[in-house]
Amino acid sequence: MSIIIFGGIGQLGQCINKVAKSQNIEGIIYLDEIEGNILDVELLENLFIKHKPSYVVNCAAYTAVDKAEDDVDLARKINKTGAANLADACVAHGSTLIHVSTDFVFEGNLPKALSEEDEATPIGMYGLTKLEGEQDIINKMSEFFILRTSWLYSEFANNFVKTMLRLGKERPELGIIVDQVGTPTYGVDLAACILHIITTQSKDYGLYNYSNEGAISWYDFAQAIFELGEVAVKVKPLKTSEYPTKAKRPAFSLMDKTKIKQVLGIEIPYWRDSLKVCMAALA
Ligand SMILES: NC(=O)C1=CN([C@@H]2O[C@H](COP(=O)(O)OP(=O)(O)OC[C@H]3O[C@@H](n4cnc5c(N)ncnc54)[C@H](OP(=O)(O)O)[C@@H]3O)[C@@H](O)[C@H]2O)C=CC1
Ligand SMILES: Cc1cn([C@H]2C[C@H](O)[C@@H](COP(=O)(O)OP(=O)(O)O[C@H]3O[C@@H](C)C(=O)[C@@H](O)[C@H]3O)O2)c(=O)[nH]c1=O
């Protein structure tokens, strides 16, 4: 069985590589943004002819949330058109698409865990273009899994955990937003979920939420990182209004994972347990 990972050297791509190696899963091709440019339709056609993938995993994305506000055209090309190109190629070649999306498709103004049925009304261009990508996939094909995840971190690439560890060592005090609540997701856990879908050859296609368990603020997350990493930095809780950013972010984007647990039989670790695993990998 051949599996292609687009965005294969990004954060999640590297997590999939780690888990696949530990599970001795073979036949996975990891492509970077040049050899697997999801905007190049002819390149995609040739890749699909050559590799005949049973599964295609789309980890490729424009993920710079603030920059996307000014760089909408490129964000839309990668997050919408790129996803649509992969959907077209998957339909033409009979491949199943596993696509990764985000909690930032939600406005985040409701004090409840958001299900797959809840309306998505993004408040930033990153979230909007990711939602457009989801919609194109849903309109073009039926054999897809879309996994919405949130606050992704790992020992690989750039993420909040690694930023905090760096800043915590450089500065005596940090101000961290306390009124944005959601759930961190350890990329290795999400990678295991993706590989579970592939190895079980599930046919329960559709849209699913996946994050770790629990609900915390960015402030809580930073405190836990510093505690587990034994970094002695003072952390000050800030309101969103005290930490202005170009893009608006959801205030409450906790996602309900009932569907993925019940339908796909996925077991989800608690966020702090997974953070400990990541911190050990970083040590
Ligand atoms: N990071 C997070 O906090 C979260 C991420 N997600 C989603 O999870 C998925 C994986 O994210 P993550 O691994 O963290 O993201 P990364 O930014 O680490 O990886 C994305 C990869 O896509 C590559 N890429 C960019 N443009 C193209 C292109 N045209 N063709 C092929 N590849 C391209 C990037 O290459 P290069 O760097 O060279 O541009 C990068 O390697 C994404 O869909 C993201 O939206 C969801 C929630 C949270
Ligand atoms: C660095 C820093 C960030 N923050 C805040 C800003 C923001 O609200 C929050 C997280 O900041 P970051 O810029 O690291 O993360 P951000 O890019 O907003 O993270 C998002 O990325 C995209 C790709 C997603 O899909 C989302 O699920 C989410 O993970 O922490 C502080 O309060 N203080 C700080 O010193």
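A residue is termed buried if 20 or more other C-beta atoms lie within 10 Å of its own, exposed if 12 or fewer, and partly exposed in between, with C-beta atoms placed from the backbone. Helices (H or I, at least four residues) and strands (E, at least two) are DSSP runs numbered from the N terminus. The model shown is predicted: local features need pLDDT of at least 70, side-chain atom pairs count only at pLDDT 80 or more, and totals for chains, interfaces and linings use all residues. Residues are numbered from 1 along each chain as its sequence is written, while chains are lettered from A and ligands numbered from 1 in the order in which they are written.

View 1. Helix H2 comprises residues 41-51, and Leu44, Leu47 and Phe48 are buried in it. Seen down the axis of H2, these buried residues fall within an arc of 95 degrees and so line one face of the helix; the arc is that of the directions from the helix axis to the C-beta atoms. On the other side of H2, Glu42, Asn46, Ile49 and Lys50 are exposed. The cover over the buried residues of H2 includes strand E1 (3-6) and H3, where contact requires C-beta atoms, placed from the backbone, within 7 Å. Just after H2, lysine 52 adopts a positive phi of about 45 degrees.

View 2. The shell around ligand 1 holds 25 residues, of which Gly7, Gly10, Gln11, Ala60 and Ala61 come nearest. Helix H1 (11-22), helix H3 (72-93) and strand E4 (96-102) are the elements that give two or more residues to this shell. A residue is near a molecule if its C-beta atom, placed from the backbone, lies within 6 Å of it. By class, the shell around ligand 1 divides into 13 nonpolar, 10 polar and 2 charged residues. In this classification Ala, Val, Leu, Ile, Met, Phe, Trp, Tyr, Cys and Pro count as nonpolar, Asp, Glu, Lys and Arg as charged, and the others, Gly among them, as polar.

**View 3. The surroundings of ligand 2.** Ligand 2 is surrounded by 20 residues, the closest being Thr63, Val65, Thr102, Ile177 and Trp218. Helix H5 (160-170) and strand E7 (173-177) each supply at least two residues of the shell, and E7 gives the most, with 4 residues. The shell around ligand 2 has 11 nonpolar, 7 polar and 2 charged residues.

View 4. Cysteine 59 is placed in the loop between strand E3 (55-58) and H3. This residue counts as buried because 25 C-beta neighbours lie inside 10 Å. Not counting residues up to four places away in sequence, cysteine 59 touches Ile5, Phe6, Gly7, Gly8, Gly10, Leu12, Gly13 and Val100. The C-alpha atoms of cysteine 59 and cysteine 90, 31 residues apart along the chain, are separated by 15 Å.

View 5. Trp218, Tyr219, Phe221, Ala222 and Ile225 are the buried residues of H7. Viewed down the axis of H7, they fall within an arc of 160 degrees, so they line one face of the helix. Their cover includes H5, E7, E11 and E12. Glutamate 230 is found in the loop between H7 and strand E12 (234-238). Although not a glycine, glutamate 230 has a positive phi of about 50 degrees; with 8 C-beta neighbours inside 10 Å, glutamate 230 counts as exposed.

**View 6. Helix H9 and its cover.** The 12 residues of helix H9 (residues 271-282) should span 16 Å at 1.5 Å a residue, and the end C-alpha atoms are 16 Å apart, which agrees; the expected span is 1.5 Å times one less than the number of residues. Within H9, Trp271, Ser274, Leu275 and Cys278 are buried. Seen down the axis of H9, these buried residues fall within an arc of 105 degrees, so they line one face of the helix. Among the elements covering them are strand E6 (152-153), H5, strand E9 (185-186), H6, strand E11 (216-217) and helix H7 (218-228).

**View 7. Asparagine 24 between H1 and E2.** Asparagine 24 is found in the loop between H1 and strand E2 (28-31). Its phi is near 55 degrees, a positive value in a residue other than glycine. Asparagine 24 counts as exposed, with 6 C-beta neighbours inside 10 Å.

Note on methods
Contact = placed C-beta atoms within 7 Å.
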